[in-house]
Amino acid sequence: MTATAPREEQLWSRCAGCASLLYRKRLRRNLDVCPECGEHARLGAPERLRQIVDPGSLRLLPDQLPEADPIDFVDVLPYPHRLSAARASTGLSEAVVCATATIGGHPAALAVMDFRFLGGSLGCAVGELITRAAERALDDRIPLILVTASGGARMQEGVLSLMQMATVSQAIAALREAGLLTVSVLTDPTYGGVAASFATNTDLVLAESGARMGFAGPRVIRQVTGRALPEGFQTADVLLRHGQVDMVVQRRSLRPRLAALLAATRATRASRPPVPRQEPAPRRERLADAGATPARPADPTAVGAAPTTPAVRDAWDTVRMARHPGRPTTLDYLDSVFDGFLELHGDRLGADCPAIVGGVARLADRHVMVIGHQKGHTTAELVARNFGMASPAGHRKALRLMRLAARLGLPVVTLVDTPGADPGVSAEEQGQAAAIAENILTLTVLPTPVLAVITGEGGSGGALALAVADRVLMLENAVYSVISPEGCAAILWPDRSAAPQAARALRLTAPDLYRLGVVDEVVPEPCGAAHDDPAETARRLRAALLTNLLPLLDVPPAMLVRLRRQRFRRFGTTRAGARAGAR
Ligand SMILES: [Zn+2]
């Protein structure tokens, strides 16, 4: 390269990933992502904003604050000199640029950090500017998007910079209380006090491909532990596996992905009626007399219902049907019944359970949060998904998504298909019982409509952890039971071969549970069963979901919760009533 003239040097740039020499204009056209190896080069805040907001929509927020050197800090240079140098080299007044803009037509407030400015460090001014951006979001009732790039708190401002973690977090909390979406986009690198506050305490955490995020940096960890770090430590893909981020996004997908997430939360808010209407009667008469009519046919009003009553099938045959490997899974339904599914990952504690999938999706033109157990069709898929048996991390992911849905006013649709919760040793050690218990409790008071569908196996507490709902639907050949027939047979019969008898005794089929009032509607399956005609099954399920969901959207949250409590309370009172009547 010695022959290259200095001017020409600036036209080229060397990739930090693969060392390829790249034409700068070409690199910029490719959003500063190496076309050879996919390395995402760091972006300054102005370029980042240009890439993610709609052209012409950017309105910068004021960034002039009184000069601050709160502790008169001096190392080899006085702090004010370092500030001046950073300003001169970046053209920015601080390490964050705040603005309002639209993304895919959806308005948002943005705060974008710039690592070039003193390592993107969080000082008093940065904290103040981000807090003001959050307050602007609150005033305008728009979402807040934070793009982080930081080494952590700014040493030169001492403990006052530490306080900014609390200040910004308070502003995030206010948005959370107001039901406004907060999103952070982790870019490389995001560490220390920024990682331990607003980079991770937002509703959604996206990580740009290749970004690293952590509390302590790798050098510190190596020094403290004296050990080599695992491959990919603290990088986006590993963070995803460990439940720390909702999704990893390629730079070119960032704008459309943000637009889709903003759309998902805005449309629902707008569709919510502001004034409570009169209390509808979601089959309350049925609640009152459940159990009084012993043989009730499948609900004739079920949309898409075959006019005939379901064929009477032996309970054990139904169990086998419910477990059929060809039966549509939650991901199949997300593809066929819903549109635009955006999967959200992780429990934010340490894992992302593959047996539970969840995220935002559209049902007709409504945005909903869908959470379901995921099995699979092949042995490899089943093993990868732990046969649909959720770990505590899976239940905590579901819990996180339920709470997020409630905050954002999204209805929750759950698809239940599990043999039961994961019964393993590590599941016990991580608090499986408490994780299920917390989900059940949270669902009983969740201030948003909840619609549950037992699509395959409704196995015990693991099923109920997703099935405390305003309306519970059940596919015709699904089963729902306190214990598997095999488990029941092993305990109450001489041996497990009595499973078919146990299946009959447990009253676990859809018609049985409809008669007991546990299930509000049976969704008929096509001739044969769901796996014989998945498309028709999806059509019927979609129709049933819409029929049951739309009336719930008009019910004020407090009334929903009251009715949901009554719905489950009657399972005690009905039996008491029956006993009283027998006296
Ligand atoms: Zn490269």
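Which residue just after H4 takes a positive phi? In the predicted model I am showing today, that residue is Gly91, with a phi of about 75 degrees. Before I go on, a word on conventions: this is a predicted model, in which local features need pLDDT of at least 70 and side-chain atom pairs count only at pLDDT 80 or more, while totals for chains, interfaces and linings use all residues. Residues are numbered from 1 along each chain as its sequence is written, and side-chain values use heavy atoms, with hydrogens and water left out.

Tyr79, Leu83, Ala86 and Thr90 are the buried residues of H4, where buried means under 20% relative accessible area, exposed means over 50%, and partly exposed lies in between, with a 1.4 Å probe and protein chains only. Seen down the axis of H4, these buried residues fall within an arc of 65 degrees, so they line one face of the helix; the arc is taken over the directions from the helix axis to the C-beta atoms. Ala88 and Ser89, on the other side of H4, are exposed.

Now to the strands, where I call two strands paired if DSSP finds at least two bridges between them. Strand S4, residues 96-103, has seven of its eight residues buried, so it is largely enclosed by the rest of the structure. S4 pairs in the antiparallel sense with strand S3, residues 59-60, over two bridges, and Leu60 stands opposite Ala99 in S4. With S5 the pairing is again antiparallel, over eight bridges, and there Cys98 stands opposite Ala111 in S5. S4 and S5 form a hairpin with two residues between them, and Gly104 in the turn has a positive phi of about 60 degrees.

In strand S7, ten of the ten residues are buried, and S7 pairs with S6 in the parallel sense over six bridges, with Leu186 in S7 as the bridge partner of Thr148. Pro189 belongs to S7, and the peptide bond that joins Asp188 and Pro189 is cis, with an omega of about -10 degrees. For context, most residues other than glycine have a negative phi, and most peptide bonds are trans.

That brings me to Gln234, which has a positive phi of about 65 degrees although it is not a glycine. Gln234 sits in the loop between H8 and helix H9 (236-241), and it is buried, with a relative accessible area of 8%.

S14 runs parallel to strand S13 (residues 366-373), joined by four bridges, and parallel to strand S15 (residues 450-459), joined by six. Val370 stands opposite Val413, while Leu415 has Val453 in S15 as its bridge partner.

Finally, the second largest pocket holds about 520 Å³ of space. On a 1 Å grid over the protein atoms alone, a pocket is an open set of points where a 1.4 Å probe fits, with protein on both sides within 12 Å along at least five of seven lines, and lining residues have an atom within 4 Å of a point; the volume is the space filled by probe spheres set on the points, which are joined across faces, edges and corners. The pocket is lined by 34 residues, of which Glu39, His40, Ala41, Arg42 and Arg251 lie nearest its centre. Among the elements that each supply at least two lining residues are S5, S6 and S7.
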